[in-house]
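Here is a short report for a reader new to this protein. Look over the sequence and the structure first, then read on.

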Amino acid sequence: LPLLEGIVSVSLYECQLDGTVDEIINEALTPLLHGCVTVALQESGDAIRQQQVKSVADFAVTKLLDGLILQQLLNHVADCGESFTFRLFSHWLLDTAVAGHLLQQHWNVHDHLKSTDGNVALVKVHREMFNEVAVSVLSDLLVSHLDEDVEDIDQRQRQTSTSVDSPDT
């Protein structure tokens, strides 16, 4: 039993010592390790970046003409793209303005039509004027047709009178 108590007390003392030593090590090494890890990551990133740049450069050397053509095409598309988007915007702006003006005119006509339809005196005047115009047009048409018919009848009578007057031989 005394041996067991000794072992337990030594174990507890060592655990306390280990905890204290671990805390001291962590406090001392954490900033140092953080700096080392940061430097290692930067060096690794630089190495990867250099490797990627080298592989792109190797590929680009063999594709120089393709690269120049592609760059020219991209510049052209960028220029035309700006002009195209500006053209679309200006058309949209113009269409919006014209549509707004047309809608305003439509609603003005609609409002005036409603106010005119609601006015009994104006409806009566409109109906009378329409009827007068319609009667005038119809009477002019009837007169012209009647003149044509009278002319046709006169021609037939002349033909019949000339055929009766001239004896057959």
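## Overall fold

From the N terminus on, the elements of the protein run α-α-α. The secondary structure comes to three helices and zero strands. Keep in mind that this is a predicted model.

## Surface and burial

The protein has 169 residues, and buried residues make up 0% of them. Its accessible surface comes to about 15,400 Å². Carbon and sulfur atoms account for 67% of that surface.

## A nonpolar patch

Four residues form a nonpolar patch on the surface: Val 133, Val 137, Leu 138 and Leu 141. Together they have about 360 Å² of accessible area.

Take Leu 141 from this patch. Leu 141 is found in helix 3, which covers residues 120–165. Its relative accessibility is 44%, so Leu 141 counts as partly exposed. The exposed class starts over 50%, and the buried class lies under 20%.

## A negative patch

The surface also carries a patch of negative charge. Glu 14, Asp 18, Asp 22, Glu 23 and Glu 27 gather there. One of them, Glu 23, lies in helix 1. That helix covers residues 2–62.

Notes:
Residues numbered from 1 in each chain as written. Predicted model: local features only at pLDDT ≥ 70, side-chain atom pairs only at ≥ 80, totals over all residues. Heavy atoms only, no water. Patch = residues over 30% accessible without salt bridge, like charges linked within 9 Å, V, L, I, M, F, W, Y side chains within 5 Å. Areas by Shrake-Rupley, 256 points an atom, 1.4 Å probe, with all protein chains shown as cover. Salt bridge = Lys/Arg side-chain N within 4 Å of Asp/Glu carboxyl O. Helix = DSSP H or I, 4+ residues; strand = E, 2+ residues; numbered from the N terminus. Buried < 20%, exposed > 50% of the residue type's maximum accessible area, 1.4 Å probe, protein only. Lys, Arg positive; Asp, Glu negative; His and termini not counted. Charge placed at Lys NZ, Arg CZ, Asp CG, Glu CD.
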